[in-house]
Amino acid sequence: MYKALVACRAGMGSSMMLKIKADQVIKENELPIVTQHGSLDSIADFKGDLILTQSDFADRVDTHGVYVASVDNILDKDEIKAVLEGFLATRQG
């Protein structure tokens, strides 16, 4: 099971909406990912596999080598599925 941090600047509204949608995608597609929610500040202490965030934050984040998946539309389940599958593809093989 992979551990993902869903984060935005403050860790309040947009990242919580993204987490809800990501959890729906994970459940619907039986993806081996568990999510937690936080702000960009929580990335420094994150001990997991994936950071899921919005595209406008992704290039400003010091990820400490953790894989970053970003989406343009936090409500688009197809886009979320694509980035999560892209992450999982990097773990295959």
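Modeller: Let us begin with contact, which means heavy atoms within 4.5 Å. Helices (H or I, at least four residues) and strands (E, at least two) are DSSP runs, numbered from the N terminus. This is a predicted model, in which local features need pLDDT of at least 70 and side-chain atom pairs count only at pLDDT 80 or more, while totals for chains, interfaces and linings use all residues. Residues are numbered from 1 along each chain as its sequence is written, and side-chain values use heavy atoms, with hydrogens and water left out.

Colleague: How many helices and strands does the chain have?

Modeller: The chain has three helices and four strands. Read from the N terminus, these elements follow the order β-α-β-β-α-β-α.

Colleague: In what order do the strands form the sheet?

Modeller: Two strands pair if DSSP finds at least two bridges between them. Here four strands make an open sheet in the order 2-1-3-4, with parallel pairing. Strand 2 (33–39) and strand 4 are at the edges with a single partner strand each, so one side of each has no neighbour in the sheet. On average, neighbouring strands of this sheet are turned by 25° against each other, direction ignored.

Colleague: Which residues stand opposite one another in these pairings?

Modeller: Strand 3 and strand 4 are paired in the parallel sense over five bridges. In that pairing, leucine 52 is opposite alanine 69 of strand 4, and threonine 53 is opposite serine 70 of strand 4. Strand 1 and strand 3 pair over three bridges, also in the parallel sense, and alanine 4 stands opposite leucine 50 in strand 3.

Colleague: How should I read burial, and is lysine 19 buried or exposed?

Modeller: Buried means under 20% relative accessible area, exposed over 50%, and partly exposed in between, with a 1.4 Å probe and protein chains only. Of the 93 residues of the chain, 41% count as buried. Lysine 19, found in helix 1, counts as buried because its relative accessibility is 16%. Setting aside residues up to four places away in sequence, lysine 19 touches Val6, Thr35, Gln36 and His37. Serine 70, in strand 4, counts as partly exposed at 25% relative accessibility. Five of the five residues of strand 3 are buried, so strand 3 is largely enclosed by the rest of the structure.

Colleague: Which residues of the largest nonpolar core touch the most other members?

Modeller: A nonpolar core is a set of buried Ala, Val, Leu, Ile, Met, Phe, Trp, Tyr and Cys residues joined through side-chain atoms within 4.5 Å. In soluble globular proteins, nonpolar side chains tend to be buried together. The largest core here has 18 residues, of which Leu18, Leu31, Ile33, Leu52, Val71, Ile80 and Leu84 touch the most other members. At least two residues come from each of strand 1 (2–8), helix 1 (13–29), strand 3 (50–54), strand 4 (67–71) and helix 3 (77–90). Helix 3 contributes the most to this core, namely five residues. Another core, of seven residues, lies apart from it and includes Leu5, Ile43, Phe46 and Val66.

Colleague: What is leucine 84 in contact with?

Modeller: Neighbours within four places in sequence being left aside, leucine 84 is in contact with Ala22, Val25, Ile26, Leu31, Ile33, Leu50 and Leu52. Valine 25, in helix 1, is buried with a relative accessible area of 1%.

Colleague: At what angle do the axes of helix 1 and helix 3 cross?

Modeller: Axes are lines fitted to C-alpha atoms, for helices over the stretch in contact, and angles run from 0 to 180 degrees between N-to-C directions. The axes of helix 1 and helix 3 come within 9 Å and cross at roughly 70°. Angles under 35 degrees count as roughly parallel, over 145 as roughly antiparallel, 65 to 115 as roughly perpendicular and the rest as oblique. Helix 1 and helix 3 are therefore roughly perpendicular to each other. In this meeting, Leu18, Lys21, Ala22, Gln24, Val25, Ile26, Glu28 and Asn29 of helix 1 meet Lys77, Ile80, Lys81 and Leu84 of helix 3.
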